[in-house]
Amino acid sequence: MASRGQVVAPASSFPSAGLIRRRPIVLGLAGLAALAVALAAGVGFGSVAVAPGETLGILTSRVLGLDVTRTWSAATEAIVWDLRLPRVLTAMVVGVGLAVAGATFQGLLRNPLADPYVLGTASGAALGAAIAVLIPVRIVFLEFGLLHGFAFLGALGSVVAVYRLSRIGGMAPLTSLLLTGYALGSLMAAGLAMAMHLSGAALRQIFTYLLGSFDAASWGRLAGAAPLVLVGVLLVMSRARALNGLLLGEETAAHLGVDVRRERVTLLALGSLITAAAVAVSGLIGFVGLVVPHVVRLLVGPNARLVVPLSALFGAGLMTFADLAARMLGEIPVGVVTAVIGAPFFLVLLRRSRTGYEL
Amino acid sequence: MTRPAIELRGVTAGYAGRAVIRDVTLSVDAGERVALVGPNGAGKSTLLRLVTGLLRPTAGEVLLDGVGIASLSREAIARRIAVVPQVAQLPFSARVEQVVALGRLPHENPLRGPRPADHAAVAAAIERVGLSALVGRDARELSLGERQLVLVAVAVAQAAPVVLLDEPTVHLDIRHQVDVMDLLADLNRREGATIVAVLHDLHLAARSFTRIVVLAEGRVAADGPPDVALSPDRIRDVFRVDPWVVGAAAWASVPPR
């Protein structure tokens, strides 16, 4: 306790305060640089070799509308412009979405083990996708097939169901949400298993969705998912104060001026919308949404003002590199790559963090 | 005429239809220092929840500075009242100064975040509560008592004219109990802060507070200066122990059987 006459120290007396304040900027710049490298590598490399000069030429002629002398074939142009670029950008958008949704759900539920799929979005999307595969009707609207639509609706519908069911009974809202999410998720997993059992030859299609892939990325699908994800992420960023207040618990958050009931619904809706948009175009890709926010928190602390934007940046970079690795390894599922990168990385971080994570 | 900082008019409230607070009328003027005492289940914490607007009364009304609490936003309440909870669980590791900085949330622009004045207020709060040695430490590694001091620092950083404390000294050793009480007295004298603290320790209440409100079975059983509100008869009535009054500074020692 300070004695009465003691001089109040200025903020700069914190040890290495300058370093701590600069660190997020350094990390942000490093993330942007990594993302630029990921973009270049993702567009530049693939199963068909395209010379860097040609790739650059195709991009400048398409993006800037410059009249570059064509030294490449129409097929090469299609590979770079219609296959690789939308694929890389989709990976980035999905990486942004899953990482931010993970940070949102972890902060909202005050649970370090939460991920974007914790409230039933994954099982809802999977069940929706499986039902779409089983229905022998093919509808395509603006490049979105039945599978994308059903996955999106399944993800959103399951969160709405979890939220409404969780309000029955007198349990604490957060515990109730988590348990209801688990219960409903299990039920939908049973439905998914049944659908897979019935699917016969279409099993592979369901399986591909479950493992996640950017194989089917296109400009049209990107144009559908990107606005939802990016607007959702910006809105989550605007709720940073609420996420920060929730660090000390819902009651204390309320005492710090957070309208907890309203923010809970808002963040739940935003996190679910972002997740649904992401899984509709990519399938279920694990670990990015769980690991990236933790890595960011270990680097800059729990302040949501830093955690959300840096998670977006790191999520985009990680997903792009993971997809590139998946392509280079002969189109293996990207979810396998994120798990292989994410799980050991997470374990190392857990060992290095001094307190670990309590449940 | 100045309005009381906190005013309860005929308030009844509780949980799931069971009334915990019954027809309580109570007002606290700005600059008062009030200890709220009473046996377990008397409704002390419920009373605090009413004053912060977390619980709505089933009858009567709660006013802050003469304004009905139902018409105030959470943010407006947080700028008037800082609350020190008993404990708080952190789901992620956070350094002490990062936790104390949360006290500035009600003053922050939601989009722009903290400004230099907020950083200065955080540093001053850390210094004033005597936590400088803990800066940089993970708040989850601290002892319960140290964490309680961090929560006191959060409230000091919040710089609200009213500070409510829910048993702020349960995890503190006797030295830190006295330090926290002296800090509250200092906030009261220098900043004119209104202090309302729920306390179990009657010694501490009598030593550090000028007004004692005794709550029993959801009603105000006594209200006045320590020697009146905590008379031996009252303690016997309310707490069902036989007190042993040792001088003016140490009320209600209970003798060994």
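The expected span of a helix is 1.5 Å times one less than its number of residues. The model discussed here is a predicted one.

Q: How do you know that the span of helix α4 (residues 121–134) of chain A agrees with its 14 residues?
A: At 1.5 Å a residue, the 14 residues of α4(A) should span 20 Å, and because its end C-alpha atoms are 20 Å apart, the two values agree.

Q: What makes α4(A) largely enclosed by the rest of the structure?
A: A residue counts as buried if 20 or more other C-beta atoms lie within 10 Å of its own. Twelve of the 14 residues of α4(A) are buried, so the helix is largely enclosed. Among the buried residues are Thr121(A), Gly128(A) and Val133(A), and what covers the buried residues includes α5, α6 (173–199), α7 (203–211) and α11 of chain A.

Q: Why are α5(A) and α11(A) called roughly antiparallel to each other?
A: Helix α5 (residues 146–166) of chain A and helix α11 (residues 260–282) of chain A pack at an angle of about 155 degrees, with their axes 8 Å apart. Angles over 145 degrees count as roughly antiparallel, and the two helices are therefore described in that way. Their crossing is right-handed. The residues of this contact divide into 13 nonpolar, three polar and no charged.

Q: Which helix gives the most to the side of chain B that touches chain A?
A: In the contact between the chains, 41 residues of chain B meet 35 residues of chain A, and α4(B) gives the most to the chain B side, with seven residues.

Conventions. Residues are numbered from 1 along each chain as its sequence is written. Chains are lettered from A and ligands numbered from 1 in the order in which they are written. This is a predicted model: local features need pLDDT of at least 70, side-chain atom pairs count only at pLDDT 80 or more; totals for chains, interfaces and linings use all residues. Two residues are in contact if their C-beta atoms, placed from the backbone, lie within 7 Å. Helices (H or I, at least four residues) and strands (E, at least two) are DSSP runs, numbered from the N terminus. Axes are lines fitted to C-alpha atoms, for helices over the stretch in contact, and angles run from 0 to 180 degrees between N-to-C directions. Angles under 35 degrees count as roughly parallel, over 145 as roughly antiparallel, 65 to 115 as roughly perpendicular and the rest as oblique. A crossing is left-handed if the near helix is turned anticlockwise from the far one by less than a right angle, and right-handed if clockwise. Ala, Val, Leu, Ile, Met, Phe, Trp, Tyr, Cys and Pro count as nonpolar, Asp, Glu, Lys and Arg as charged, and the others, Gly among them, as polar.
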